[in-house]
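Colleague: I'm new to this one. Could you show me how to read a few of its features?

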There are 2 protein chains.
Amino acid sequence: CCVKYGVTSQYVLGLEVVLASGEVLRTGRRTVKGVAGYDLTRLIVGSEGTLGVITQATLGLRPAVPLPLTLAAVFASTSAAGAAVSAIVASGAVPALLEIVDRVHLRAIEAFRPMGLDTGAAALLLAQCDTGPQAAADLAALAAICTGAGATEVVQADDATESAMLLEARRLAYPAMERLGTVIVDDVAVPRSRLADLLDGVERIGIDCAVTVGVIGHAGDGNMHPNIVVPHGDEAALLRARAAFDAIMRLGLDLGGTVTGEHGVGLLKRDWLATEIGTVGVRISQAVRAAFDPAGILNPDKVI
Amino acid sequence: CCVKYGVTSQYVLGLEVVLASGEVLRTGRRTVKGVAGYDLTRLIVGSEGTLGVITQATLGLRPAVPLPLTLAAVFASTSAAGAAVSAIVASGAVPALLEIVDRVHLRAIEAFRPMGLDTGAAALLLAQCDTGPQAAADLAALAAICTGAGATEVVQADDATESAMLLEARRLAYPAMERLGTVIVDDVAVPRSRLADLLDGVERIGIDCAVTVGVIGHAGDGNMHPNIVVPHGDEAALLRARAAFDAIMRLGLDLGGTVTGEHGVGLLKRDWLATEIGTVGVRISQAVRAAFDPAGILNPDKVI
């Protein structure tokens with residue numbers, strides 16, 4: 001539900017952090033707004049343990065939302081699905097959830113558990129609205145936008161049970177792909193206007209590298225998961241998958257995106273991070289890291 | 001409209017920054033989501049020129065919202081007004097705007113331009129809803145909450161013209177106070193549940209320090225502006241005002257708040273920043289600053 005409510009880091013108001021020196025640093029605040037000093041809270045969130053050990057976090061809370069209603073829209077082309085996402089964003093509508101499932105995933109899911117999915121479709125969009133009495137009207141507006149963008153079929157749930165059924169396909173995507181082999185999950189984010197380009201590009205990379213790869217992800221914020229399937233024990237396929245993984249990160253950057261939308265850098269993307277943030281960014285990041293941890297004792301292999 | 005749409009810093013996706021070394025640093029991304037490396041963007045936003053000179057900013061945009069409808073609610077006690085704010089927050093309603101005007105400001109405004117404000121009231125709450133066709137229903141829900149919290153009068157605007165009139169009082173607050181003397185604007189933020197405590201505490205400080213001080217501000221996110229009036233040329237009153245200013249910052253911290261909600265630290269609050277963030281926070285902030293600017297050439301008098 002990041003589209004509407006944002007990501008967890010936006011709700012982190014303050015932290016208690018044990019520094020490399022053993023000192024305890026308290027960052028942030030307990031208020032909604034505040035601009036006192038540097039934003040050390042956000043600097044430390046996502047730093048993967050390289051600046052300190054987080055021992056406590058103060059989070060902002062929101063009231064629970066009503067049960068959402070769900071819509072599924074089928075598209076015969078990735079460009080039509082991408083146009084629908086762009087039109088939804090441009091309309092100012094903010095669905096609580098807006099997910100995309102591509103053809104590769106649709107076929108894997110239907111093979112795993114037949115539920116009448118259109119395996120000839122290029123992409124399925126799933127959207128949810130959760131604004132209480134307004135939800136049905138909001139959902140109808142999204143349906144109209146999808147139809148306008150060329151959806152070949154739009155299904156609107158009338159109640160929570162139907163909504164849950166429509167989301168079932170999305171939930172089955174990973175187990176369905178895992179039946180085909182080991183799944184290597186990539187995680188790139190692109191501007192939402194470039195979604196179709198990402199889907200088409202990933203399809204080309206799959207052909208070029210001779211691997212099975214499909215895209216599923218959070219269309220509403222452009223955060224996509226290209227998933228590569230490697231048959232168990234196939235060492236040659238694993239090498240081709242690694243090449244595809246790198247090609248997808250290059251594609252994400254070329255589309256004005258980032259090599260990691262939400263999963264972080266870790267060891268796998270260490271070199272790609274340097275490509276994305278550039279030499280000045282690397283040097284400043286190293287200097288910031290040294291400011292926190294001059295001896296380099298914290299999570300030494302990670303990030304910069 | 002920070003209550004609903006957040007503050008500008010949340011929309012800053014990336015920056016181009018000239019560092020003390022003369023190098024150009026590019027931070028951030030053009031995507032909605034992204035977690036590549038340290039969040040240097042947020043570190044630099046609000047750093048008051050101490051980490052580099054911002055030469056370009058990439059901002060996320062939102063579609064323009066429909067014209068809002070406005071509500072005004074009169075309260076006979078600060079605790080009732082505070083209870084209304086807490087109840088609105090707890091209900092999950094997110095008004096686009098939620099402002100509070102205290103008795104001191106109400107009287108100054110009514111003296112400046114008579115418009116029939118209830119100068120016996122302890123506080124006036126102003127709220128706006130802007131969700132299009134849903135706005136009237138949302139506003140009615142807020143009105144009901146205000147009535148339930150003990151509002152003595154609730155006025156709902158039927159259209160944009162009436163809405164603008166209701167906001168007029170809020171807009172006149174500063175000119176009205178400035179007619180009485182030089183206005184020293186404080187800026188503290190407290191948890192929204194402590195609003196009444198802040199208003200009552202500021203009233204006590206005004207009595208103790210023998211200064212005219214009132215509170216106006218952004219109730220929806222707890223960001224308050226206690227405004228102290230110093231008659232022109234009254235040096236003794238200026239000294240008392242400075243004591244009141246410091247007492248208000250201490251009060252803000254004691255209520256679990258921050259010494260600056262949105263105006264920043266600058267020179268005026270430099271010493272208070274150290275009180276708020278603590279000795280470890282000061283040391284780490286100085287080290288981060290040195291990582292960006294080892295020679296200390298950038299805005300040397302500011303912040304840490």
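This is a predicted model: local features need pLDDT of at least 70, side-chain atom pairs count only at pLDDT 80 or more; totals for chains, interfaces and linings use all residues.

Colleague: Which residues of helix 7 of chain A are buried?

Modeller: The general idea comes first: an α-helix has 3.6 residues a turn, so residues three or four places apart point the same way. Here the buried ones include A:L195, A:L198, A:L199, A:V202, A:I205, A:G206 and A:C209.

Colleague: What do those buried residues pack against?

Modeller: Among their partners in chain A are helix 3 (78-91), strand 10 (212-218), strand 11 (223-230) and helix 8.

Colleague: How do I read the largest nonpolar core, and which residues have the most contacts inside it?

Modeller: It has 50 residues, and the ones with the most contacts inside are A:F75, A:L125, A:C146 and A:I228. Helix 8 of chain A (residues 235-254) gives the most, eight residues. Domain 2 (69-174) and domain 3 (180-295) of chain A each supply at least three. Look at A:F75: leaving out residues up to four places away in sequence, it touches A:L125, A:C146 and A:T152, among others.

Colleague: And the hairpin of strands 1 and 2 in chain A: which residue there takes a positive phi?

Modeller: That's A:G22, near 95°, in a hairpin with five residues between the strands. Strand 1 (residues 12-18) and strand 2 (residues 24-28) of chain A pair in the antiparallel sense over five bridges, and A:V17 has A:L25 as its bridge partner.

Note on methods: Residues are numbered from 1 along each chain as its sequence is written. Chains are lettered from A and ligands numbered from 1 in the order in which they are written. Side-chain values use heavy atoms; hydrogens and water are left out. A nonpolar core is a set of buried Ala, Val, Leu, Ile, Met, Phe, Trp, Tyr and Cys residues joined through side-chain atoms within 4.5 Å. Buried means under 20% relative accessible area, exposed over 50%, partly exposed in between (1.4 Å probe, protein chains only). Helices (H or I, at least four residues) and strands (E, at least two) are DSSP runs, numbered from the N terminus. Domain bounds come from an automatic or database domain assignment. Contact means heavy atoms within 4.5 Å. Two strands pair if DSSP finds at least two bridges between them.
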